[in-house]
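Biologist: Please take me through one part of this model up close, starting with a single side chain and the residues around it. I would like the cut-offs behind your words as you go.

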Amino acid sequence: MPTLTKLFTMEETSQHNTKDDCWVVIDGKVYDVSSYLDEHPGGDDILLGATGKDATDEFEDAGHSKDARELMEKFFIGELDPSSTSIPELEIVKKAGKDLPQKVMEISKQYWFVPVAVVGISVVVGFLYTRKK
């Protein structure tokens with residue numbers, strides 16, 4: 001008989017991101033690790049940094065032991081809802097800014113000394129070179 005588990009959206013899990021209420025998602029499973037934060041060998045910052053996203057890659061990259069994987073099961077509270085989108089996609093909006101010619105003008109005003117220095121050095125080198133002949 002299949003086991004029924006509670007389903008959560010990624011948006012829902014991402015709201016649990018404090019020391020008092022910390023959930024992480026690993027391999028599509030949701031874990032409430034709030035009570036484990038102080039005991040985590042990597043520190044609570046690692047777990048808090050894993051909230052609001054799928055932390056499977058970070059978990060696997062850390063090379064957790066078999067014991068750590070077994071310990072996780074006592075923090076299991078549900079699964080990620082496969083029908084929901086992971087996180088609402090951000091809308092990319094063109095930044096309202098100045099056009100390229102204006103930016104070039106501003107940069108040239110800010111760094112005006114560079115071309116002046118190049119011209120000055122060229123004049124001095126040219127003058128010294130012609131004097132030696």
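Modeller: Happy to! Leaving aside residues up to four places away in sequence, Asp-44 touches Lys-19 and Leu-37, where contact means heavy atoms within 4.5 Å. This is a predicted model, in which local features need pLDDT of at least 70 and side-chain atom pairs count only at pLDDT 80 or more, while totals for chains, interfaces and linings use all residues. Residues are numbered from 1 along each chain as its sequence is written, and side-chain values use heavy atoms, with hydrogens and water left out.

The side chains of Asp-44 and Lys-19 also make a polar contact at 2.8 Å; that term means a pair of N or O atoms within 3.5 Å, and within protein one must be able to donate a hydrogen and the other to accept it, with sequence-adjacent residues counting only if both atoms are side-chain atoms. Asp-44 lies in helix α2, residues 44–49; helices (H or I, at least four residues) and strands (E, at least two) are DSSP runs numbered from the N terminus. Asp-44 counts as buried because its relative accessible area is 15%, buried being under 20%, exposed over 50% and partly exposed in between (1.4 Å probe, protein chains only).

Asp-27 sits in the loop between β2 and β3 and counts as exposed because its relative accessibility is 52%. Its phi is positive, about 55°, although Asp-27 is not a glycine. Most residues other than glycine have a negative phi.
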